Amino acid sequence: MTLPFHGWLLVALHVTLQLAFIARALLWPHREPAARMAWITVITVTPVAGMLFYALFGEANIGRRRLARLHAAEEKLPPPEAVGRSEGADLELPDRLAVLFRIGTSISGFEPVAGNRATLLADSNAAIDAMVADIDAAAETVHLLFYIWLPDNNGLKVAEALKRAARRGVVCRAMADALGSRLLIKSPHWQAMADAGVRVARALPISFLPVQPLRGRVDMRNHRKILVIDNRVTYCGSQNCADPEFRIKAKYAPWVDIQLRLEGPIVRQQQQLFAGDWMAHRRDDDISDLVRAPLPPPGDGFVAQAIGTGPTVRYSAMPEVFEGLMYAARRELVVTTPYYVPDEPIQAALCASARRGVATTVIFPRRNDSWIVAAASRSYYAELLASGVQIFEYVGGLLHAKTLTMDGDVTLIGSANIDRRSFDLNFENNLLIADRGVTAAVRARQDVYIAASRPVPADAVAAWSVRHQIWNNAVAMFGPVL
């Protein structure tokens, strides 16, 4: 049976379009060969669905308008290298640690700043209660940004505290990711905050789906968790504005998070990260003067640095931070992350850490809210274990804490997971801290996680069925797509 002319025309058009998408996948810059191969496979094997999938999710494209707004906001802010720095503050960093902070400076521009103090909060509810207390004590400004903000008990506690602060004259600015916080944004509580005088903004709003690819990738999200109060107190960690019971995914609960309350010059760097996001979305509200405000005299405290990553900085930024810490470890390296879908250099860095005799431990949740990530993560277990990495799976809920401690000297804490979403797509905020006291506190919390975990022995992984191994490896193969 021969096709009519219009049939051949449609076939030619389809093949041409398919080749165009394959060429686009090959030409898109800063993409690993494995990612190119995965996309070419998807476009070739399932051409119609594959091309549609690529149009929606194939490129880390924030959109020209959004990028222009972010750049316009950054131009109004002070140069990052000056933020939080004051005369007379002594960094006292040994060379082997100073090089780690240089990685962070090359990403966000922030220099390490001395004179910081921190308290590690006991748990999620304690963190929310501390935030509410600080908001209630605020005298001038409250700035808040969360990826997930739910209209549950803790979420509404914070909303009510913001309303109280706004009513007594405190300038409150609240920003929430349009996708992660959609339940609150669509609820009456969002408008009630605005009615009470809280200035609100949706981060990365989603357009009508057919035109969304023209305005930026739909799953590119603002994953940051930032609270800054009166330019003197800030919070950083994995904590979203929600109950640990996390009722939208209750069967995985409780969500186990970690959060630091901090004072000192590091507050100003967190303020700049918030200001850049805020001013890009609320162009009518320039808050750059808050970042420029004079700093109080430097006091005693540790050295810290804010590291803000996202699709507007180099694609390898967050992986470089993790790899730098992994390769710098000499005695001990302990990592917690809920989502582990690494690129090849990070997997190699973890394995190399254990092979050179560093006591290397990784803690994952036993039950993950993403079955795709769970399968992909476990595809890496055999190599990690063979290298000498100890793997624990937390059984007390979904371990959502994102931490790394190194040699008892350095802590990395914040919002970034060790997965490709955090590397390529999400806006993240993390703190790099050089302090034995903070590191000891975070390391003790990691021991609490280990005590509530089950070790993963190499013989158990070797005994996984062939079907289980094929499934895990097949999912991991498409990690760059997923």
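This is a predicted model: local features need pLDDT of at least 70, side-chain atom pairs count only at pLDDT 80 or more; totals for chains, interfaces and linings use all residues.

Biologist: What makes the pair of F322 and F423 tilted?

Modeller: Planes under 30 degrees apart count as stacked and those over 60 as edge-to-face, with the rest tilted. The angle here is 55°, and the pair of F322 and F423 is accordingly tilted. The pair also links distant parts of the chain, since F322 belongs to helix 13 (residues 317-328) and F423 to helix 17 (residues 420-425), 101 residues apart.

Biologist: Why is F322 called buried, and how do you know that F423 is buried?

Modeller: Buried means under 20% relative accessible area. F322 has a relative accessibility of 5%, and therefore counts as buried. F423 has a relative accessible area of 5%, so F423 is buried.

Biologist: Why is the pair of W371 and W471 called stacked?

Modeller: Their ring centres lie 5.8 Å apart and their planes are at 20°, so the pair of W371 and W471 is stacked. The cut-off for stacking is under 30 degrees. This pair, too, links distant parts of the chain: W371 sits in helix 15 and W471 in helix 20, 100 residues apart.

Biologist: What makes W371 exposed, and why does W471 count as partly exposed?

Modeller: W371 has 57%, so W371 is exposed. W471 has 44%, and therefore counts as partly exposed. Elsewhere, F21, W39, F53, Y54 and F57 form one aromatic cluster.

Biologist: Let us turn to the helices. How are two packed helices described?

Modeller: They are described by the angle between their axes and the distance between the axes. The axes of helix 15 (residues 371-378) and helix 20 (residues 466-477) come within 7 Å and cross at roughly 105°.

Biologist: Why is helix 15 called roughly perpendicular to helix 20?

Modeller: Angles of 65 to 115 degrees count as roughly perpendicular. The crossing angle is roughly 105°, which makes helix 15 roughly perpendicular to helix 20. In this contact, W371, I372, A375, A376 and R378 of helix 15 meet W471, N472, V475 and A476 of helix 20. By class, the contact of helix 15 with helix 20 has seven nonpolar, one polar and one charged residues.

Biologist: The axes of helix 6 (residues 124-136) and helix 7 (residues 153-167) come within 9 Å and cross at roughly 5°. What does that make of their arrangement?

Modeller: Angles under 35 degrees count as roughly parallel, and the crossing here is at roughly 5°. Helix 6 is therefore roughly parallel to helix 7. The contact of helix 6 with helix 7 has seven nonpolar, two polar and four charged residues.

Biologist: What makes the backbone at L204 and at D407 worth a remark?

Modeller: Most residues other than glycine have a negative phi. L204 is not a glycine, yet has a positive phi of about 50°. D407 is likewise not a glycine and has a positive phi of about 60°. L204 lies in the loop between strand 4 (199-203) and helix 10 (212-215), and D407 in the loop between strand 14 (403-406) and strand 15 (410-414). With 4% relative accessibility, L204 counts as buried; D407 is buried as well, with a relative accessible area of 3%.

Biologist: Why is S238 called buried?

Modeller: Its relative accessibility is 0%, so S238 counts as buried. S238 lies in the loop between strand 6 and strand 7, and its contacts include K225, D257 and H400.

Methods. Residues are numbered from 1 along each chain as its sequence is written. Side-chain values use heavy atoms; hydrogens and water are left out. Axes are lines fitted to C-alpha atoms, for helices over the stretch in contact, and angles run from 0 to 180 degrees between N-to-C directions. Helices (H or I, at least four residues) and strands (E, at least two) are DSSP runs, numbered from the N terminus. Angles under 35 degrees count as roughly parallel, over 145 as roughly antiparallel, 65 to 115 as roughly perpendicular and the rest as oblique. Ala, Val, Leu, Ile, Met, Phe, Trp, Tyr, Cys and Pro count as nonpolar, Asp, Glu, Lys and Arg as charged, and the others, Gly among them, as polar. Contact means heavy atoms within 4.5 Å. Rings of Phe, Tyr and Trp (its six-membered ring) pair if their centres lie within 6.5 Å; planes under 30 degrees apart count as stacked, over 60 as edge-to-face and the rest as tilted. Buried means under 20% relative accessible area, exposed over 50%, partly exposed in between (1.4 Å probe, protein chains only). Lists of a residue's contacts leave out its neighbours within four places in sequence.
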